[in-house]
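Trainee: I am new to this structure and would like to go through it with you. Could we begin with the aromatic rings and then move on to the rest?

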Amino acid sequence: MKKLIAILTLTVVSAAAYGVPFTDVFTIIRHYSSNADLHVYDTSYDSANKNVLGSVMSDHFGMMRRYAKLQDENILFDCDDYAFTFKSMVSCYGLMLGENYLCGVLTVKQEKEFAGVPAGGYHALNVMLVNGELIVVEPQTYEYTPLAEYPNRGNIIGFIL
């Protein structure tokens, strides 16, 4: 019984360690881009793990393939649509698992190429908290990198969390 209590206690402590208040996320975003327009709707968020990230990517890819058969996705379904549907998929996983995963939509001035998207113009992608680290996810190619290494982190225009 003592072992079970210890395991449950460690599980709760480790889960709490991955939670993050939205103010911490704003501080990090402002560190890279002080003029970014930031919007938040909850007071704290949970971190997902790599298994959740992989499942979300797989299901999002499947949904996008089904949609692509209906229409020319590149004309009617562009970067912001990919980013918002990816955020929605993460929210659905959170609902199923009883978590409030941090996943936001990031808009940037795309001055440098990232994940197959060339430089130039404006772009929308996602920021997600995975294993306690903020990562940037390109929802059209499913490539990701830590926010600290994202090449356009200094060009953030807006962030909806």
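**Aromatic pairs, sheet and helix**

Mentor: The structure, which is a predicted model, holds two aromatic pairs. One of them is formed by Phe-61 and Tyr-142, with ring centres 6.2 Å apart and planes at 80°, so this pair is edge-to-face.

Trainee: Where in the chain do Phe-61 and Tyr-142 lie?

Mentor: Phe-61 belongs to helix α3 (residues 50-68), while Tyr-142 sits in the loop between β6 and β7. The pair links distant parts of the chain, as the two residues are 81 residues apart.

Trainee: What does Thr-145 touch?

Mentor: Leaving out residues up to four places away in sequence, Thr-145 touches Phe-114 and Tyr-150, and also Ile-135 and Val-136. Thr-145 lies in strand β7 and is buried, with a relative accessible area of 13%.

Trainee: Let us turn to the sheet. What is the order of its strands?

Mentor: It is an open sheet of six strands in the order β2-β8-β4-β5-β6-β7, and the pairing is mixed. The edges are formed by β2 (37-39) and β7 (143-146); each has a single partner strand, so one side of each is left without a neighbour in the sheet. On average, neighbouring strands of this sheet are turned by 25° against each other, direction ignored.

Trainee: How many bridges join β4 to β5?

Mentor: Seven bridges join strand β4 (residues 103-109) to strand β5 (residues 122-130), and the two run antiparallel. Val-105 stands opposite Asn-126 in β5.

Trainee: And how many bridges are there between β4 and β8?

Mentor: β4 and β8 pair over four bridges, in the antiparallel sense. Leu-106 has Phe-159 in β8 as its bridge partner.

Trainee: Why is β4 described as largely enclosed by the rest of the structure?

Mentor: Five of the seven residues of β4 are buried, so the strand is largely enclosed by the rest of the structure.

Trainee: Which strands does helix α5 lie across?

Mentor: Helix α5 lies across β4, β5, β6 (133-138) and β8 (156-160), and runs at about 20° to β5. Thr-85 is found in this helix, which covers residues 79-97.

Trainee: What does the side chain of Thr-85 make a polar contact with?

Mentor: The side chain of Thr-85 makes a polar contact with the side chain of His-60, at 2.8 Å. A polar atom of the Thr-85 side chain also lies 3.0 Å from the backbone oxygen of Asp-81. Apart from its neighbours within four places in sequence, Thr-85 is in contact with His-60, Met-63, Met-64 and Phe-77.

Trainee: Where is Asp-78 found?

Mentor: Asp-78 is found in the loop between α4 (73-76) and α5. At 37% relative accessibility, Asp-78 counts as partly exposed. The C-alpha atoms of Asp-78 and Ala-124 are separated by 9.0 Å, and these residues are 46 residues apart along the chain.

Trainee: One last topic, then: where is confidence lowest, and where is it highest?

Mentor: Confidence is lowest in helix α1 (residues 2-18), with a mean of 35, and highest in β7, at 97. The chain averages a pLDDT of 84, and 83% of the residues score at least 70.

Trainee: Over which residues does pLDDT stay under 50?

Mentor: It stays under 50 over residues 1-17, and for these the model has zero contacts beyond four places in sequence. Where pLDDT is low, the predicted coordinates should not be read in detail.

How values were computed. Residues are numbered from 1 along each chain as its sequence is written. Side-chain values use heavy atoms; hydrogens and water are left out. A polar contact is a pair of N or O atoms within 3.5 Å; within protein, one must be able to donate a hydrogen and the other to accept it, and residues adjacent in sequence count only if both atoms are side-chain atoms. Contact means heavy atoms within 4.5 Å. Two strands pair if DSSP finds at least two bridges between them. Axes are lines fitted to C-alpha atoms, for helices over the stretch in contact, and angles run from 0 to 180 degrees between N-to-C directions. Rings of Phe, Tyr and Trp (its six-membered ring) pair if their centres lie within 6.5 Å; planes under 30 degrees apart count as stacked, over 60 as edge-to-face and the rest as tilted. pLDDT is the predictor's confidence in each residue, from 0 to 100. Buried means under 20% relative accessible area, exposed over 50%, partly exposed in between (1.4 Å probe, protein chains only).
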